[in-house]
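I opened the model to look up two things.

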Amino acid sequence: MIATLRQALDDMERGVYDFTKDGKCTGCGECCSNFLPLSDREIKDIKRYIAKHRIKECRRVAPLVKPAEDWLCPFLDGTKPKDKCTIYQVRPQICRAFVCNQPPSKVRVNKELFWRTRKPVDMRQEFFGR
Ligand code: SF4
Ligand code: SF4
């Protein structure tokens, strides 16, 4: 219990919650936001990939959640036994670089780097319209 509380306090201090297990990403999708920093190249690659593989928009199953209020990434498929990224092969660099158990300094440096060098993208808007 004390260890759990300590973990929660550490997480709050870092501004990021640690959902890893034994230091590894569990693929829980908790970090998969609808707003990501992407480069033009990444947008192009993802568009090409979703057209080629006919990737459809994933939506939250909750019936009362409207698309405009769905803040999860539209490529997060939560309907399978385990959450899955439907564009895993071409997922953006920010998704490749981030793991929620990283030390605060690394999270901060990455965050600053990606938001400085890429533009903020509303994923649903950019890839599927609203
Ligand atoms: S990095 Fe993201 S998907 Fe992996 S465990 Fe952390 S929150 Fe879950
Ligand atoms: S592109 Fe994939 S890994 Fe990145 S936020 Fe979306 S579902 Fe998660």
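Does Asp 22 count as buried or exposed? I counted 5 C-beta neighbours inside 10 Å, so Asp 22 counts as exposed. The cut-offs: 20 or more other C-beta atoms within 10 Å is buried, 12 or fewer is exposed, in between is partly exposed, with C-beta atoms placed from the backbone.

I noted that this is a predicted model: local features need pLDDT of at least 70, side-chain atom pairs count only at pLDDT 80 or more, and totals for chains, interfaces and linings use all residues. Residues are numbered from 1 along each chain as its sequence is written, while chains are lettered from A and ligands numbered from 1 in the order in which they are written.

Backbone entry. Asp 22 is not a glycine, yet its phi is positive, about 50 degrees. I placed Asp 22 in the loop between helix H1 (2–14) and strand E1 (35–38). Helices (H or I, at least four residues) and strands (E, at least two) are DSSP runs, numbered from the N terminus.

Arg 54 also has a positive phi, near 50 degrees. I found Arg 54 in the loop between helix H2 (40–52) and strand E2 (76–77). Arg 54 is exposed, with 6 other C-beta atoms within 10 Å.

Ligand entry. I took residues whose C-beta atom, placed from the backbone, lies within 6 Å of the molecule. Around ligand 1 I listed, among them, Cys 25, Cys 28, Cys 31 and Cys 100. Around ligand 2 I listed residues including Cys 32, Cys 73, Cys 85, Cys 95 and Arg 91.
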